[in-house]
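Take the structure below strand by strand.

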Amino acid sequence: VSSTQFHVIHNATLIWTLNLESGPTFPTVSITEPSDGATYTSPATVNITANASDTDGTIAKVEFYQGTTKLGEDTDSSGGWTYSWTGVAAGSYTLTAKAFDDDGASTTSAGVGITVTQPATPTIANAAASAVTAGSATLNGNLTSTGTASTTVYVYWGTVDRGQTTSGWEGSQNLGVRSPGAVSHPVSGLAQGATYYYRFYASNS
């Protein structure tokens, strides 16, 4: 009687245990001021404030951008993460904040859109001169609107009316930043018997 030999092979299963270590988490950041859609009048000062945090460490700094242009950065959180952008001209801008944590990881916030507009044109008018003598007079005017911006008033006078131009007058005076209301300026040394013209000029640009 013949016999058949055989071998039983046991299949072995090898189990791997994979231990994963999590890497550093990224910080979070958002702009809290200004609000999206905020409007300003040029030349504007835009105060930007960001809220930044990091769950596994600390925030090292926050950078502030207009588009791809870096405006500045804040490395001291004691007064909050802030930046003041000054002298901003008329236009539309998108602001972002980029936070860096102590591991070097960074996150950029969602953009916030703002609009800076030109101030309205101020309005000023002449009023009748007063205290007129042989060689002097007080020139009077009235600033009726500043156009919602800081407005400087000037007065020009001479024996020829130069119209809207500010050059060629025989005399001129910067009266400084003024609020709406009456403006005046005394002049002396006028030629007796001559006819004089004067115009007030207001600028908020």
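Start at Tyr-65, which stands opposite Thr-96 in β7. Strands here are DSSP runs of E of at least two residues, and helices are runs of H or I of at least four, numbered from the N terminus. The model is predicted: local features need pLDDT of at least 70, side-chain atom pairs count only at pLDDT 80 or more, and totals for chains, interfaces and linings use all residues. Residues are numbered from 1 along each chain as its sequence is written, and side-chain values use heavy atoms, with hydrogens and water left out.

Now widen the view around that pair. Strand β4 (residues 59–66) runs antiparallel to β7 (residues 91–101), and seven bridges join them. Two strands count as paired if DSSP finds at least two bridges between them. Phe-100 faces Ser-106 of β8. Four residues lie between the strands of this β7–β8 hairpin, and Gly-104 takes a positive phi near 90°.

Next comes an open sheet. Three strands form it in the order β1-β3-β6, with antiparallel pairing. β1 (28–33) and β6 (81–88) are the edge strands, since each pairs on one side only. From one strand to the next, the twist averages 25°. For such angles, axes are lines fitted to C-alpha atoms (for helices, over the stretch in contact), and values run from 0 to 180 degrees between N-to-C directions. β3 (residues 44–53) meets β6 over six bridges. Within that pairing, Ile-48 has Tyr-83 of β6 as its partner. In a regular strand the side chains alternate between the two faces of the sheet.

Which residues touch the most other members of the largest nonpolar core? They are Val-46, Val-62, Trp-85, Leu-95 and Ile-114, in a core of 22 residues. A nonpolar core is a set of buried Ala, Val, Leu, Ile, Met, Phe, Trp, Tyr and Cys residues joined through side-chain atoms within 4.5 Å. Buried means under 20% relative accessible area, exposed over 50%, and partly exposed in between (1.4 Å probe, protein chains only). Two or more residues come from each of β1, β3, β4, β6, β7 and β9. β3 gives the most, with five.

Another core lies apart from the largest one; it has 13 residues, among them Val-153, Val-187, Tyr-198 and Ala-202.

Pro-34 sits in the loop between β1 and β2 (38–41). The peptide bond from Glu-33 to Pro-34 is cis, with omega near 0°. Another cis bond joins Ser-42 and Pro-43, with omega about -10°. Pro-43 lies in the loop between β2 and β3.

Two residues remain. Ala-131 is in the loop between β10 (123–130) and β11 (136–145). Its phi is positive, about 50°, although Ala-131 is not a glycine. Is Ala-131 buried or exposed? Ala-131 is exposed, because its relative accessible area is 55%. His-185, in strand β14 (residues 181–188), counts as buried because its relative accessibility is 15%. Beyond its neighbours within four places in sequence, His-185 contacts residues including Leu-139, Val-155, Trp-157 and Leu-175.

Terms used: Contact = heavy atoms within 4.5 Å.
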